[in-house]
Structure formats: C-alpha cells, structure tokens
2 protein chains.
Amino acid sequence: MAHYSRLSKIVIDVPEADHDRELAFWSGATGQQLSRFDRHPEYHGAKLPGHDMGLLVQRLGDGPGRVHLDIHTDDLDAEVARLEGLGAEKVEQMHAWWILRDPAGMLFCVVPDPAGTLNDGNAQRWD
Amino acid sequence: MAHYSRLSKIVIDVPEADHDRELAFWSGATGQQLSRFDRHPEYHGAKLPGHDMGLLVQRLGDGPGRVHLDIHTDDLDAEVARLEGLGAEKVEQMHAWWILRDPAGMLFCVVPDPAGTLNDGNAQRWD
C-alpha cells in the first residue's frame, strides 16, 4: 500500500548547560515563540513563518550539540524499511519514533503522523 | 530601515569520503533530485516538496559532518548585527555570506537574497 513522508522538522539538540541561551537565541533569530511541548517537555517548538516546517529545540542531558532532521510519515514501518533500503541503519526506537543513522553517520528521526495528515499536496508518495 | 530574514535552507555538510553515498541517500529519502550548483559546485540542492525550504548537501574537504542552517536576508549587515545582538559571534565571511556561531557553539550562515525576494508573506520583518 502507498505511504507518504516528508522532511517536517529541524531539531536543534542542545546540552543542558547551553539550553536556555540557545532557546532564547533561536526564538529571537526566527521571531517565533518556541513553546514547550506538554507531552515531551524536553522540546520547545514552533512552525517557521512562510514555511510548513517546524523548528524544535531539544534539551539534552549531555552533549554533543547538533542539528538533526525529522522525517514524518503516515506508515512508520514502511518508511523505516524504505530508508534502510537506501542505506540508513536503525539505532533505537524512542517513544513513538525511530532514531536512524544516515550513510555519513549522522542521526535523524522517523516520526509517525496521524493518518490523513500527509497527502499529494504536502508530502512525497511512495508506492 | 526595515529588513527581512527567514530560515531558508537546511545544509548537510559531508566529508569527501561519505559525500556521494550521503547525497544519494538524501535524494532518495526526500524524493528530490539534488542538483549541483553551477557557481558553487560543492553544493547540491533542491526545494523540498510541500515546503518553501531548500535542502542542500555540501561536500567538505574534511570533517566533521554536521547539519547547519542558513538564514537568508535582504540586508546582510543589518541581519548579522541583529543576530550578534542576540548572542551570535562572527566566524568568517565566505563568498557573499557570513558564517556565525550560535550561543551553543554551532555554526550557521547568513546569506543575502536579492532585494524584493523576502516580504511580509514569506519572512520576518525587523524594524
């Protein structure tokens, strides 16, 4: 069955010691109030103006700081299998999503979106 | 005078040894043909489907691999000064753009866009 995916979020991962300054900086840089997520309070985020793309800042227990990307999909298993076929490797499942490693060793996440969220107008269809 | 800026590009920086596999991976992951830039052939890029946001892969001479963000603006000097006021530090000017370091030490770029490209509909206005 077909499924959809798209790159949906930019996530700035920040060690505890730098978190508050970094959150204030990227709020100011983008002009967006990055609000804390109720269910996952280690994240603050907002949609970026002029984009259907979100920016998140994640508080890490420890480093290293980095930027990582989240791919959202309406079929987690099918999308993870597709990305493994392209050369990614599973690292671990966390909450509802998967952490994978790309061919250059950089981490990214694959995150399930509710059915009907992704479509031909806002995502890529995989048959 | 007012100016505009917005987060416009996600850039995956990849050491030479991993570049070709990484470029093929992210082309496949997003479903986008990432094309080489004529003027800066170390970059391949495309607009992301469903977003007014670009994804670039940059070939590095050496590591480390990382993801960095590009803020585009119609007034480079004013935007760099604004970001310095928020806590960023200048690292170096390269070609037409500036490399800055954010408060957590992560690099990002500030890139000039042609006048008239950014407006109230697609960017943040700074008075």
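Let me start with one side chain: that of Arg6(B) makes a polar contact with the side chain of Ser8(B), at 3.2 Å. A polar contact here is a pair of N or O atoms within 3.5 Å; within protein, one must be able to donate a hydrogen and the other to accept it, and residues adjacent in sequence count only if both atoms are side-chain atoms.

Before going on, the conventions. This is a predicted model, where local features need pLDDT of at least 70, side-chain atom pairs count only at pLDDT 80 or more, and totals for chains, interfaces and linings use all residues. Residues are numbered from 1 along each chain as its sequence is written, chains are lettered from A and ligands numbered from 1 in the order in which they are written, and side-chain values use heavy atoms, with hydrogens and water left out.

Back to Arg6(B). Its place is in strand E1 of chain B, residues 3-15; strands (E, at least two residues) and helices (H or I, at least four) are DSSP runs, numbered from the N terminus. A polar atom of the Arg6(B) side chain also lies 3.4 Å from the backbone oxygen of Asn122(B). Is Arg6(B) buried or exposed? Arg6(B) counts as buried because its relative accessibility is 10%, and buried means under 20% relative accessible area, exposed over 50%, partly exposed in between (1.4 Å probe, protein chains only). Leaving out residues up to four places away in sequence, Arg6(B) touches, among others, Gly50(A) and His51(A), where contact means heavy atoms within 4.5 Å.

That leads to the interface. Chain A and chain B bury about 3,300 Å² between them, 70% of it on carbon and sulfur atoms; this is the accessible area (1.4 Å probe) that two parts lose on being put together, summed over both. On the side of chain A that touches chain B, the largest share, 8 residues, comes from E1(A). Contacts join 44 residues of chain A with 44 residues of chain B. There are 16 residue pairs in polar contact between the chains, both residues at pLDDT 80 or more.

Next, Trp26(B). Apart from neighbours within four places in sequence, its contacts include Leu7(A), Phe108(A) and Leu55(B).

For contrast in setting, take Gln93(B), in strand E6 of chain B, residues 89-94. With a relative accessible area of 45%, Gln93(B) is partly exposed. Beyond four places in sequence, Gln93(B) touches Leu76(B) and Trp98(B). The C-alpha atoms of Gln93(B) and Pro103(B), 10 residues apart along the chain, are separated by 18 Å.
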